[in-house]
Amino acid sequence: MSTSTTDETTTSPTATTRRFPWWVRVLFTMIAMHVSMIPTLAVALVLQMTTASLDPTLQDWLGEIPSLLMPVGTLALLWVFMKYIDRRPMREAGLFVDRRTLPTFLLGFVLLTGLALAAIGLTHAAGYVYEPRVWGAGIALSLVDLFVRALVHASFCEELLFRGYLMQTLPQRNPWLVAFISAAAFGVLHLGSQGASGVERFAYFVGPTGWAFLAAVLVLVFRNLAPAVGVHFGSYVATDIASRLGWGEGPANWLAVGVVAGLAGAAILLWHTRRHPQVPQPLFAEA
């Protein structure tokens, strides 16, 4: 397998040499995850200042609006990256819809949801019991929140950056290395997201890194972004279901989900690389 780290020109007729070393583009992607939130944060601040006197329930509903603007910042940054850094069309970052989009999205969603619930259920049965989340919102708002924040805000936008832009911009042709870099860059950003101690933060790092690796593997297999979005969305749905079942959320759960998802991804990639030992260029291809 080739592990070349040089930015080779692809076979695409529109291809030109990408700007900046690949590791700089990785850092750009990680920074973009936060910069893309600027429109969302700006609207959230305006809502906070103007809706303080409104009914709390109405405030909760209005609070979903900022997340709907997350794609604005993400797509704007992606356009800048693809036009001025990679100098390639937007669709080469996986931004297209074809006949595989819905089926592969559902595949990624069902696969991760099932694996995560099995892993969390086993940790719960083993005695790792955590306080379940307190659900204050009604079922309608909870479903809307799941769609807006989990699917649109987090799953689509973050996967577009880390499994869409980042994976196609890496010069390495080794599928294992490409999937690992994509997953690790994403996981590092979660080191400080949860947990009060270093051990807990590491456990939370393992969770997103593991299922991000699975998401990257499915992108390599199907050459489509949709299964990665499904995997990401499944992580939220599985967590919500587990919480509603009273299983709670904690370090053992995070570790279990990350390990199980990572092993599933490794098994799939082992099978895939027997027939496709290198990452194709361009990575994404419409059916």
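View 1. Trp 23, Leu 27, Ile 31, Val 35 and Ile 38 make up a nonpolar surface patch of about 490 Å². Patch members have over 30% relative accessible area and no salt bridge; like charges are joined within 9 Å, nonpolar side chains (Val, Leu, Ile, Met, Phe, Trp, Tyr) within 5 Å. The areas are Shrake-Rupley values with a 1.4 Å probe, and for residues only the protein chains shown count as cover. H1 is the top contributor with four residues, and Trp 23 sits in this helix. Helices here are DSSP runs (H or I, at least four residues), numbered from the N terminus. Keep in mind that this is a predicted model: local features need pLDDT of at least 70, side-chain atom pairs count only at pLDDT 80 or more, and totals for chains, interfaces and linings use all residues. Residues are numbered from 1 along each chain as its sequence is written, and side-chain values use heavy atoms, with hydrogens and water left out.

**View 2. The largest nonpolar core and Trp 211.** This core has 59 residues, and Phe 162, Trp 211 and Phe 233 touch the most other members. Helices that each supply at least two of its residues include H1 (22-35), H7 (139-169) and H11 (251-273). H9 gives the largest share, 10 residues. A core of this kind is a set of buried Ala, Val, Leu, Ile, Met, Phe, Trp, Tyr and Cys residues joined through side-chain atoms within 4.5 Å. Beyond its neighbours within four places in sequence, Trp 211 has contacts (heavy atoms within 4.5 Å) that include Leu 112, Phe 186, Val 257 and Ala 261.

View 3. Asp 86 pairs with Arg 18, with the closest N and O atoms 2.5 Å apart. Asp 86 lies in the loop between H5 and H6, while Arg 18 is in the segment before H1, 68 residues apart. A salt bridge needs a side-chain nitrogen of Lys or Arg within 4 Å of a carboxyl oxygen of Asp or Glu; the whole structure has seven.

View 4. The side chains of Asp 145 and Arg 149 meet at 2.4 Å, N to O. They are four residues apart in helix H7, so about one helical turn separates them. Asp 145 is partly exposed at 26%, as is Arg 149 at 35%. Glu 64 is linked with this pair in a network of salt bridges.

Technical notes:
Buried < 20%, exposed > 50% of the residue type's maximum accessible area, 1.4 Å probe, protein only.
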